[in-house]
Amino acid sequence: MAVDLLAIAAFNAAYAHAIDSEALEQWPGFFTARCHYRITHVENEREGLPAGIVYADSRAMLEDRIAALREANIYERHRYRHLLGLPLVDSASADGAVARTPFMVARIMHTGQAELFATGAYRDRFVVEQGRLLLAERVAVCDSTVTDTLMALPL
Amino acid sequence: MQEHTIAWKGPGLTRIPFALYSDAATARAEQQRIFRGPTWNYLCLEAELPEGGSFRTTFVGETPVVVVKDDDGEVYAFENRCAHRGALIALERSGKAESFQCVYHAWSYNRQGDLTGVAFEKGVKGQGGMPPQFCKEEHGPRKLRIAVFCGLVFGSFDDEVPPIDEYLGPQICERIERVLHKPVEVIGRFTQALPNNWKLYVENVKDSYHASLLHLFFTTFEINRLSQKGGVIVDESGGHHVSFSMIDPAAADASYKEQGLRSDTENYRLKDPSLLAGFAEYDDGITLQILSVFPGFILQQIQNCLAVRQVLPKGLDRSELNWTYLGYADDTPEQRTVRLKQANLVGPAGFISMEDGAVGGFVQRGIAGARELDAVVEMGGDGAASGEGRATEASVRGFWKAYRARMEA
Ligand code: FES
Ligand SMILES: [Fe+2]
């Protein structure tokens, strides 16, 4: 398949839709089995500090996170609305791509309140596996260094 | 001095007035009597000030502070507030500086917080300038006393505060040394915004009773259960505590089954158990140690996940929790990876810490309109002494013991 701007934009649209429509069980399926997913912020990135607010190195860990939200964790019901910008494609070939995509995420609480929750950019490495575009790596770099306590759903 | 608008029902520690979590006069008095009073407040790690000129900006309560290392190898701290008109002196969170200059009218300060330069002090072409009797030595931001213990930098605005090891007491010193016994490295920093008064978070940290009831991850994966071997240490002042436990599969018992708790479930298992796969790091077998120092410092060892936390009030019903995740400087890459994975338990999205943030909000919202009512803190009696069991609120009562002493309430 040709990995290009349109393919990546379409991938991101489907990714955001899975989260925002609360089809969270689909979310790990956007990643390769061995993958890297991390949520961090600009200051840690600038200083090269490796820790994340969320840190996973396998799709199974992403599945565990969704299972924890569904079954284990106590938090208030809420939804996200992702607004994703156009991907900035650093490189692309037949078997993958490196791209950056800015995001804004609003959080809609069960109380009815909606607010801007996070802004930042995904730093992505895509690969093609069996004809499907998948994320080998997605680092969500938030602009703000302060994170509200309830970062339950994935960015 | 302070008008006591809030009535404590008796001299004890088991009834805590809800009004304390939303009262403006109380919050003002806390700044004066606690944060600017005879307490040691965590500022940063010495590891974060590697060389002469390295600085960080932080807060003591609401007061902005600059912490800086000078070429003599000593750490200094002073209010981040210009002696002229009060602007912030240092704007960045961290950096390296030869000296500091206020952007407003370019007054300058050395690394020890002395006012060293006033722009156009003698005026321009014989016009203006400061009066001849103006003496720079008499002006400058307030300086803090500094104490470094095991690489932790503490500051105090009070000249009467006891030396740090006396303030902490021998048991707390020993429990800090246990974790910070060799050089550490920062592996990440995060700030968690909490929807509640700072004291609700400090209480949560000291509340060994809730941990395995609220947090399914603790209980189901046997990271922390009240039935495990462990204990609670409360220091003489009441203000500092340690809660510790050890994972011992052989000691598993039925006490949780009998209670039928949500947080204990056999069906819930991880697909990738490497999240919790740790390594033995300390020879005492203790796999969890949460330690707090009055008023707002926490040192955490949850298996191999090490962190320091700083609790800062940000208004009556807001606070910020600054997390600094740590590894040891001599970690192997595998050990580092374990710490990064276990950090999923803590911070704003942590399988455990997210819930602590959420319940703080539940309390803050729950106590609205209940100024005249009190919390009931009677689990394990009415004392604030150390003990082996953790189904107790002894260390929460300890906090209020220290708090009432400081506030003269
Ligand atoms: S306020 Fe700093 S120089 Fe005027
Ligand atoms: Fe907790």
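User: Is Y15(A) buried or exposed?
Analyst: In this predicted model, local features need pLDDT of at least 70, side-chain atom pairs count only at pLDDT 80 or more, and totals for chains, interfaces and linings use all residues. Buried means under 20% relative accessible area, exposed over 50%, and partly exposed in between, with a 1.4 Å probe and protein chains only. The relative accessible area of Y15(A) is 0%, so Y15(A) is buried.

User: How many aromatic pairs does the structure hold over all chains?
Analyst: Rings of Phe, Tyr and Trp (its six-membered ring) pair if their centres lie within 6.5 Å; planes under 30 degrees apart count as stacked, over 60 as edge-to-face and the rest as tilted. Over all chains, the aromatic pairs number 26.

User: What kind of pair do the rings of Y15(A) and F30(A) form?
Analyst: Residues are numbered from 1 along each chain as its sequence is written, chains are lettered from A and ligands numbered from 1 in the order in which they are written, and side-chain values use heavy atoms, leaving out hydrogens and water. The ring centres of Y15(A) and F30(A) are 5.5 Å apart and the planes stand at 75 degrees, so the pair is edge-to-face.

User: Over the face of which residue does R138(A) lie?
Analyst: A charge sits over a ring if NZ of Lys or CZ of Arg is within 6 Å of the ring centre and within 35 degrees of the ring normal. R138(A) is 3.7 Å from the ring centre of the residue in question, Y122(A).
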